Amino acid sequence: MTTLNGTPGGPADGRITGVLFDFSGTLLRIEPTEPWLRASLAAFHAAPGTAPCPLGDAEITELAAALARAGALPGGPPPTTLPDPLTALWEARDREARHHRALYTGLARQVPLPYPELYDPPGGRSLYDVLYDRHMTPDAWLPYPDAAEVLTALHRRGIRTGVLSNIGWDLRPVLRAHGLDRHLTACVLSYEHALQKPDPRLFALACDELGRSPGQVLMVGDDRTADGGATAVGCGYFPVDHLPVDHRPDGLRPVLDLVDQTV
């Protein structure tokens, strides 16, 4: 259910003058696991002196499925089983960049690689690291079809916008590459503040960077617990579904209606 500024059904502190968006599953979605693996393999084998890829299509598909079950792709499916040694890292993954990398490379390492002498040589370049690096590239992210349209429309209405994300790396280059940074006033990333949603302090900080009081800010995100925590400081909350981009062509457009209703 949409909650506007702490009150279901209507604003408490006047009109919405600022909107904060989550990143993964809200403005953009990570590529599926198999294309992620294939692109990483291509990057691995593009390095000078690297042998050609020995994997056939069936092997790649099987390996991708195993990595998906392990939860190895950040922003992708969660692990079906979280190994005990990685539990603490899972809880702290978005508070430090090193935790984030250690967790997801650790999850990937639950899946043994074929041809380990090639893909995971002791002290050498590992496919596990190439996989992690791939997910931070703009090509690995697909914007939702209405993301740019909604950000532009909010800017034209005089609404300040920002990104507030639980994440362990700098997503700004991804936003720039997809043209989604043009109208952003703020970009608050959990790992830069050692805080992660739903910690109220992170929402308060984001509102400060947006230059708006919490009662005038709407949080938009796919995680009802993490993003929905915005209501604790008086922000509104509008949920979206974390669907493939071709299954959610206009999930962000209702934000414009909500803003217009509070004018």
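This is a predicted model: local features need pLDDT of at least 70, side-chain atom pairs count only at pLDDT 80 or more; totals for chains, interfaces and linings use all residues.

Begin with the aromatic rings, where rings of Phe, Tyr and Trp (its six-membered ring) pair if their centres lie within 6.5 Å, with planes under 30 degrees apart counting as stacked, over 60 as edge-to-face and the rest as tilted; by this rule there are four aromatic pairs. Select Phe44 and Tyr119, whose ring centres are 5.1 Å apart and whose planes stand at 50°, so the pair is tilted. Phe44 belongs to helix H1 and Tyr119 to helix H5, so the pair ties together parts that are 75 residues apart in sequence; helices (H or I, at least four residues) and strands (E, at least two) are DSSP runs, numbered from the N terminus. Phe44 counts as buried at 2% relative accessibility, and Tyr119 counts as buried at 1%, where buried means under 20% relative accessible area, exposed over 50% and partly exposed in between (1.4 Å probe, protein chains only).

Next, select Trp141 and Trp169, whose ring centres are 6.2 Å apart with planes at 40°, so this pair is tilted. Trp141 lies in strand E5 (residues 141–143), while Trp169 lies in the loop between strand E6 (160–165) and helix H8 (172–177), so the pair ties together parts that are 28 residues apart in sequence.

Residues are numbered from 1 along each chain as its sequence is written, and side-chain values use heavy atoms, with hydrogens and water left out.

Stay with Phe23 and display its neighbours: leaving aside residues up to four places away in sequence, Phe23 touches Leu28, Trp141, Val163, Leu164, Ser165, Ile167, Trp169, Leu171, Val174 and Leu175, a contact being heavy atoms within 4.5 Å. Which residues have the most contacts inside the largest nonpolar core? They are Val19 and Phe23, in a core of 62 residues, where a nonpolar core is a set of buried Ala, Val, Leu, Ile, Met, Phe, Trp, Tyr and Cys residues joined through side-chain atoms within 4.5 Å. Helix H2 (residues 57–70) supplies the largest share of this core, six residues. Apart from this core lies another, of 15 residues, among them Leu164, Phe203, Val217 and Tyr237.

Now select helix H6 (residues 127–134), which is mostly covered, with six of its eight residues buried. Those buried in H6 are Leu127, Tyr128, Val130, Leu131, Tyr132 and Arg134, and they pack against helix H1 (33–45), H2, H4 and helix H5 (116–119). At the start of H6, look for a side-chain oxygen of Ser126, which comes to within 3.1 Å of the backbone nitrogen of Tyr128.

From there, move to helix H4 (residues 97–108) and select His99, which lies in it. Is His99 buried or exposed? His99 is buried, with a relative accessible area of 16%, and its contacts, not counting residues up to four places away in sequence, are Leu89, Ala92 and Arg93.

Finally, zoom out to the protein chain, which has 11 helices and nine strands. Of its 263 residues, 51% count as buried, and its C-alpha atoms fill a box of roughly 65 × 35 × 30 Å, taken along the principal axes.

How values were computed:
A polar contact is a pair of N or O atoms within 3.5 Å; within protein, one must be able to donate a hydrogen and the other to accept it, and residues adjacent in sequence count only if both atoms are side-chain atoms.
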